[in-house]
There are 2 protein chains.
Amino acid sequence: MARWEPDARGRLTRAALELYAERGFERTTALQVAERAGVTERTFFRHFADKREVLFAGSTDLQDAVVSAIAAAPPAMSPVETVGTAMESAASILQDRRDYARRRAAVIATNPSLQERELLKLATLAGAAAEALHRRGVADPAAAIAADIGVTVFKIGFERWIGDDSAAGFAACIGEALDELRTLTAGA
Amino acid sequence: MARWEPDARGRLTRAALELYAERGFERTTALQVAERAGVTERTFFRHFADKREVLFAGSTDLQDAVVSAIAAAPPAMSPVETVGTAMESAASILQDRRDYARRRAAVIATNPSLQERELLKLATLAGAAAEALHRRGVADPAAAIAADIGVTVFKIGFERWIGDDSAAGFAACIGEALDELRTLTAGA
């Protein structure tokens, strides 16, 4: 087998999602994913620690984008506005991948250990957002609350975005969720 | 061994927490917990599915209390107010157990699989709160957002309550977190 495998990582990701959807996450092995992608099992493990991680490889990029956007926000911007805008800005990473995002979410919904991992990734994202706010001089609990609100609007916006083909872009769905959250808390 | 073991469940819970703190969660077995509690391993498994579940046995009670309080709230109360008040009301279950809650949180912080389980329990709590709001006629996304806000103020209030012996009662800490959240979103 050639050592050079063009876009092995992308092919592995697509193959994994296909197989997890077809025969279930539990009943799929890393070897089967590698075979479907046309690469060796060794190549699989050069890219991913295990078959679960294939589904979460993008979360570092998302987190980096959120943290960068928080750091780049105008100094006078409020904590909630800063995190909300950062989530909208980071959403552009996923904007062209709605079909992938939808199929990934469907696989995760079938398996509690995948749900737990997804929740841990979101909690880690909230922690990173809170830290990025600390570096802007925002203290806790404001930083922790604003970061949690950011993850809430990200989740709600994500559900709307993948749930309805006629929905606006991902960033706009997050913006709508943030508006709804403001209305709800103002009315409370 | 006598078949009747007074408060076996409570003794197992206390023994588990002691051992997890002393020698680590990974290095403790169900048998060791049973021995420390003075009961058989079989008794352990009559009460808990595995050594992880010992730490999460209380989450059903908490969830039931939250769901009941949401159902009992005055019909005109707003979704955020309803969930916030329900979290305060449910906090009374834990009010006298600050030392236990603190030690439990310290054990969970040491182990990613326990953190994942804790996050899944909180997500399940949010889902149950959203459903309870649906039964009051609150539609999504308002129900999902209000439920998430409820879990956020529960978490922030919890951190304050276990972090500082001079802090107010658990319910008051949740109320403070809700006030802070309102101020933050109003300013955004």
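This is a predicted model: local features need pLDDT of at least 70, side-chain atom pairs count only at pLDDT 80 or more; totals for chains, interfaces and linings use all residues.
Two copies of a chain are related by a rotation about an axis and a shift along it.

Within chain A, the packing of helix 6 (residues 98-109) and helix 7 (residues 112-134) was examined. Two packed helices are described by the angle between their axes and the distance between the axes. For helix 6 and helix 7 of chain A, the angle is about 120° and the axes are 7 Å apart. Helix 6 of chain A and helix 7 of chain A are therefore oblique to each other, given that angles of 65 to 115 degrees would count as roughly perpendicular and those over 145 as roughly antiparallel. Helix 6 of chain A contributes A:Arg104, A:Val107, A:Ile108 and A:Ala109 to the contact, whereas helix 7 of chain A contributes A:Leu114, A:Gln115 and A:Glu118. Sorted by class, the residues of this contact between helix 6 and helix 7 of chain A comprise four nonpolar, one polar and two charged.

In chain B, helix 2 (residues 30-37) has as its buried residues B:Ala30, B:Val33, B:Ala34 and B:Ala37. Because these residues cover an arc of only 100° around the axis, they are placed on the same side of helix 2 of chain B. The cover over the buried residues of helix 2 of chain B includes helix 1 (8-23) and helix 3 (41-47) of chain B. Helix 2 of chain B is followed by B:Gly38, for which phi is positive, near 75°.

Attention then turns to a loop of chain A, the one between helix 3 (41-47) and helix 4 (59-72), where A:Ala57 has its place. A:Ala57 has a relative accessibility of 26% and so counts as partly exposed, the limits of that class being 20% and 50%. When its neighbours within four places in sequence are left aside, A:Ala57 is in contact with A:Arg9 and A:Phe48. The C-alpha atom of A:Ala57 is separated by 27 Å from that of A:Leu178, a residue 121 residues apart from A:Ala57 along the chain.

Methods: Residues are numbered from 1 along each chain as its sequence is written. Chains are lettered from A and ligands numbered from 1 in the order in which they are written. Side-chain values use heavy atoms; hydrogens and water are left out. Axes are lines fitted to C-alpha atoms, for helices over the stretch in contact, and angles run from 0 to 180 degrees between N-to-C directions. Helices (H or I, at least four residues) and strands (E, at least two) are DSSP runs, numbered from the N terminus. Angles under 35 degrees count as roughly parallel, over 145 as roughly antiparallel, 65 to 115 as roughly perpendicular and the rest as oblique. Contact means heavy atoms within 4.5 Å. Ala, Val, Leu, Ile, Met, Phe, Trp, Tyr, Cys and Pro count as nonpolar, Asp, Glu, Lys and Arg as charged, and the others, Gly among them, as polar. Buried means under 20% relative accessible area, exposed over 50%, partly exposed in between (1.4 Å probe, protein chains only). The arc is that of the directions from the helix axis to the C-beta atoms.
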